[in-house]
Amino acid sequence: MTKAIKQVSLVGLGFVGLTTAAFFASRGISVTGIDIDAEKIQKIRKASLPFYEENLEPLLKKTIQTGFLRLTTAYDPAIAETDMTMIAVGTPSDAQGQIDLKYIKTAAHSIGQVLKQKEGWHLVIVKSTVIPGTTRKVVGKIISEESGKVIGRDFGLCSNPEFLREGSALKDTMNPDRVVIGEYDDKSGRMLKAFYETIYSEQTKILRHDLETAEMVKYVANSFLALKISFANEIANICEQIPGMDVCEVMKGVTSDFRINPNFFGAGLGFGGSCLPKDVSALLKFAKEQGYSAPLLHGILQVNNHQPQHVVKIVETVLGGLQDKKIAILGLAFKKNTDDMREAPSIQLVKQLHEKGASQIFVTDPKAEKEAKRIFHNTVNYGSVEECLSEAAACILVTDWPEYTNISPKTLQSLMVEPRLLLDGRRIFDPSSYDRSVTYRGIGLSDTSKL
Ligand code: UDX
């Protein structure tokens, strides 16, 4: 009988890795976080996060102080001294939408080298999002070749995808809807399940699959979420053409059906972030490689790519052209409560506005301004909400930060200039509170002035 897992090493201290490491450590597990980026390790050691995520910093601080979380750049002895190693390195996409496995491969090589010297069974878990077959055919194979050990006998192998969301990473990690385990062999799956049973309540659903099914669950879950959003956006664009129609009302009626869950039907400027766009593209690429064209997956991305263009068209129509008009953009992060701008709709929006001749674009975001400056440089102007709105002909609400919800019609009226277009890209404002001094347009809401 192998001893229970009490010591864990975790490779890759990005968003998923660091949140997972801090959470395990808070449950009394001895965790060693490994990252090859020495600067990042220095920063984390001081309990300073390399990204913005609410509530994570205090937990990080506490777990480092209590000694349950240690940090290092060296695989050895970190891996040799632990019972299980989780790989949580990034799997970015290349220009064709295919996932790049270079970090996964490097991690597998390094783990293999340490396992070569280690006595006793060791469990290796792939948490990174990888295309079905990668854990077995890439990670397992490399570790086996490097260590000279046999999978399923000398070391165990599982896939264990992560479903946490940016902005609520800790909450999602502490209370997951389910834990998905993909196992190479029964012992690996049993050991990982037993580990999770020690840190989660009895109610937590733990599912055991084979490796490839677990890998697929992650892609399908993210693709389905993306499908819901693109569906809502497509319906919203249709609703805008029907007098008196509002997508929010339509969706209320639709989602009252017990078969249709209301979450993720929020129409807007489209989905962004480090996962949804990348995962749909990777699944599409994978399907095509298998000889299937996957038109629905293709459609999800098509609708999503079109959404910023759709918004620019509305602004252009209401303003009668974009030249010499000041345009304010509220919110740049791909969603609220994060400073992340990866694949953010705001990037495409700014690009499209520039292409259509807009030269006075003013942007603001409570957390993402630093990141925005890295992306937009001085092609846009940065300022407070007030500075952005002052003398602006149009205001586009992109990210639903709470600080924007109480911008009053009066403020818009006094700061902006005709036609004072407010394009509510997240439907956070009440359309009925605007009189004709402000031109209110909401995604999925028909133009009421035409009624
Ligand atoms: C996602 C998955 O939700 C998570 O399970 C997985 O582990 C990682 O990918 P995340 O990228 O943090 O998480 O963002 P999410 O909350 O899913 O939002 C993705 C995008 O969809 C955001 O741009 C968001 O604004 C947008 N969105 C979400 C909508 O446009 N409408 C909605 O109704 C919901």
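Helices (H or I, at least four residues) and strands (E, at least two) are DSSP runs, numbered from the N terminus. The model described here is predicted, so local features need pLDDT of at least 70 and side-chain atom pairs count only at pLDDT 80 or more, while totals for chains, interfaces and linings use all residues. Residues are numbered from 1 along each chain as its sequence is written, and side-chain values use heavy atoms, with hydrogens and water left out.

A place to begin is helix H5, which spans residues 134-147 and contains Glu145. Glu145 counts as exposed because its relative accessibility is 55%. For these classes, buried means under 20% relative accessible area, exposed means over 50%, and partly exposed lies in between, with a 1.4 Å probe and protein chains only. From Glu145 to Leu319 there are 174 residues along the chain, and the C-alpha atoms of the two are separated by 64 Å.

Glu54 gives another view of sequence and space. Glu54 sits in the loop between helix H2 (38-45) and helix H3 (56-65). The relative accessible area of Glu54 is 38%, so Glu54 is partly exposed. Glu54 and Ser168 are 114 residues apart in sequence, yet 7.4 Å apart in space, C-alpha to C-alpha.

The next residue is a cysteine. Cys158 belongs to strand S6 (residues 155-159). Cys158 counts as buried because its relative accessibility is 0%. Leaving aside residues up to four places away in sequence, Cys158 touches a set of residues that includes Leu123, Val124, Ile125, Val126, Ile181, Leu192 and Leu211. Contact here means heavy atoms within 4.5 Å. Also among the residues that Cys158 touches are Thr135, Gly182, Glu183, Ser188 and Gly189.

A disulfide is a covalent bond between the sulfur atoms of two cysteines. By the cut-off used here, a disulfide is a pair of cysteine sulfur atoms within 2.5 Å, and the structure holds 0 disulfides. Cys395 is in no disulfide, and the nearest cysteine sulfur, that of Cys388, is 8.6 Å away. Cys395 has a relative accessible area of 1%, so Cys395 is buried.

Aromatic rings come next. Rings of Phe, Tyr and Trp (its six-membered ring) pair if their centres lie within 6.5 Å; planes under 30 degrees apart count as stacked, over 60 as edge-to-face and the rest as tilted. The structure holds 10 aromatic pairs. In the pair of Phe24 and Phe195, the ring centres are 5.1 Å apart and the planes are at 85 degrees, so the pair is edge-to-face. Phe24 lies in helix H1 (residues 15-26) and Phe195 in helix H7 (residues 186-199), so the pair ties together parts that are 171 residues apart in sequence. Phe24 and Phe195 are both buried.

Two packed helices are described by the angle between their axes and the distance between the axes. Axes are lines fitted to C-alpha atoms, for helices over the stretch in contact, and angles run from 0 to 180 degrees between N-to-C directions. Helix H10 (residues 276-289) packs with helix H11 (residues 295-319) at an angle of about 150 degrees, and their axes are 9 Å apart. On the H10 side the contact is made by Pro277, Val280, Ser281, Leu283 and Leu284, and on the H11 side by Leu297, His298, Ile300 and Leu301.

The remaining points concern the backbone. The peptide bond from Asp76 to Pro77 is cis, with omega near 10 degrees, and Pro77 is in the loop between strand S3 (69-72) and strand S4 (84-87). A cis peptide bond also joins Glu418 and Pro419, where omega is about 5 degrees. Pro419 lies in the loop between helix H16 (409-415) and strand S13 (421-424).

His377 is a residue other than glycine with a positive phi, near 50 degrees. The loop that holds His377 runs between helix H13 (369-376) and strand S11 (381-382). His377 counts as exposed because its relative accessibility is 51%. Glu391, which is not a glycine, has a positive phi of about 70 degrees. Glu391 is found in the loop between helix H14 (385-389) and strand S12 (394-397), and Glu391 counts as exposed because its relative accessibility is 53%.
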